[in-house]
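This report examines the architecture of a single protein chain. The sequence and structure are shown first, and the discussion follows.

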Amino acid sequence: MSDQASAARSSDRPLEDLDQWEEFLQKRYPEEEASQTIATLKDKRQFRDYRKEARPSVAQFYKLNHTHQTYDFVQQKKRQYLSLDKKRMSIWEAMAYLNTLVDDSDPDTDMSQIEHLLQAAESARADNQPRWFILTCLIHDLGKILCLWGEPQWAVVGDTFPVGCAYSDRVVFPEFFVNNPDYQEPRYQTDFGVYKENCGLDNVHMSWGHDEYLYHVVKDHLPPEALAMIRYHSFYPWHKEEAYSHLTNEADHQMLPWVRKFNPYDLYSKAAEKPSVEKLKPFYQELIAEYFPGELRW
Ligand SMILES: [Fe+2]
Ligand SMILES: [Fe+2]
């Protein structure tokens, strides 16, 4: 690789691994606060500056994300990926495929992607959640295979937000949006932008990432609650910060409690003991077969 190419590559990958974003989320939204009401939390959060807790690599990651996630970029990625003609594979094959994503971090302490998925699912199972809920936990991050197809980290993970309208100051690191070309486009900088009041999130283009992509892969096979959990699990400005209510509709209000219910399984299910993939495989293969055909288009 030329020096220029490797410089471009490393500047595209400020995070050592994708988990660094999720570790930062755990600090931003600590577990002891998870069950408290948003009203109680607002006061507390005002006194806490997540910027101070963020590693420089995380800030750099959000700078890239907020700079490059434009309305046009999102349309281009939708054209590129939503025809679902990249690969055909089963859910379990996609889990194995995602697991080939090599993390640069210490393999002894960090969970592999498949282990994160199994732990989230096992926690939901231990809580007697419905079978579709457990399955949703199992698959929720499979969209991260975008990384294996050459997408930079900032186009795969990170909090998501609507494009094509004014940015909320409740999006993490909102100050980086001044670098986004859309910031200079008056039609994208009103509260509603290209959207109508309370048009519903279904009609809103979100910044591109693993949530939106996986939603399109699985949308014909799961109940609406599961699809909302998948599609909006990284939309922290909505499900944690209550922003963008001028764009949501009644259907979104119905789904919000489910998106919130899912969040602790994503953020706080990392147990010390790693789940045994081989032991758990029969249970999960049966569960997958209840909802999905043997092969899906990716
Ligand atoms: Fe995720
Ligand atoms: Fe996750």
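## Overall architecture

Of the 298 residues in the chain, 37% count as buried (20 or more other C-beta atoms within 10 Å of the residue's own; exposed is 12 or fewer, partly exposed in between, with C-beta atoms placed from the backbone). The model is predicted: local features need pLDDT of at least 70, side-chain atom pairs count only at pLDDT 80 or more, and totals for chains, interfaces and linings use all residues. Residues are numbered from 1 along each chain as its sequence is written, while chains are lettered from A and ligands numbered from 1 in the order in which they are written.

The chain contains 14 helices and 2 strands (DSSP runs numbered from the N terminus: H or I of at least four residues for helices, E of at least two for strands). Among contacts between residues at least 6 apart in sequence, 80% join residues at least 24 apart (a contact requires C-beta atoms, placed from the backbone, within 7 Å).

## Packing of α8 and α9

Helix α8 (residues 113–126) packs on α9 at an angle of about 165°, and the two axes are 7 Å apart (axes are lines fitted to C-alpha atoms, for helices over the stretch in contact, and angles run from 0 to 180 degrees between N-to-C directions). The helices are therefore roughly antiparallel (angles over 145 degrees; under 35 is roughly parallel, 65 to 115 roughly perpendicular and the rest oblique).

Leu117, Ala120, Ala121, Ala124 and Arg125 of α8 meet Phe133, Ile134, Cys137, Leu138 and Ile139 of α9. The residues of this contact comprise 9 nonpolar, no polar and 1 charged (Ala, Val, Leu, Ile, Met, Phe, Trp, Tyr, Cys and Pro are nonpolar; Asp, Glu, Lys and Arg are charged; the others, Gly among them, are polar).

## Helix α11 and its surroundings

Helix α11 (residues 224–232) and helix α13 (residues 250–267) pack at an angle of about 60°, with axes 9 Å apart. That angle makes α11 oblique to α13. On the α11 side, Pro224, Glu225, Ala228, Met229 and Tyr232 meet Met255, Trp258, Val259 and Phe262 of α13. This contact divides into 8 nonpolar residues, no polar and 1 charged.

α11 is mostly covered, with 7 of its 9 residues buried. The buried residues are Ala226, Leu227, Ala228, Met229, Ile230, Arg231 and Tyr232. Their cover includes α9 (131–139), α10 (210–218), α12 (236–239) and α13.

## The nonpolar core

In the largest nonpolar core, which has 69 residues, Trp21, Leu117, Ala121, Cys137 and Leu138 touch the most other members (a core is a set of buried Ala, Val, Leu, Ile, Met, Phe, Trp, Tyr and Cys residues joined through C-beta atoms within 7 Å). Leaving aside residues up to four places away in sequence, Trp21 touches Leu15, Val58, Phe61, Val157 and Gly158.

## Two loop residues

Cys147 is found in the loop between α9 and α10. This residue counts as buried because Cys147 has 20 C-beta neighbours inside 10 Å. Residues up to four places away aside, Cys147 touches Leu101 and Val156. Cys147 and His210 are 63 residues apart in sequence, and their C-alpha atoms are 9.1 Å apart.

Glu273 lies in the loop between α13 and α14 (277–291). With 6 C-beta neighbours inside 10 Å, Glu273 counts as exposed.

Notes. Contact = placed C-beta atoms within 7 Å.
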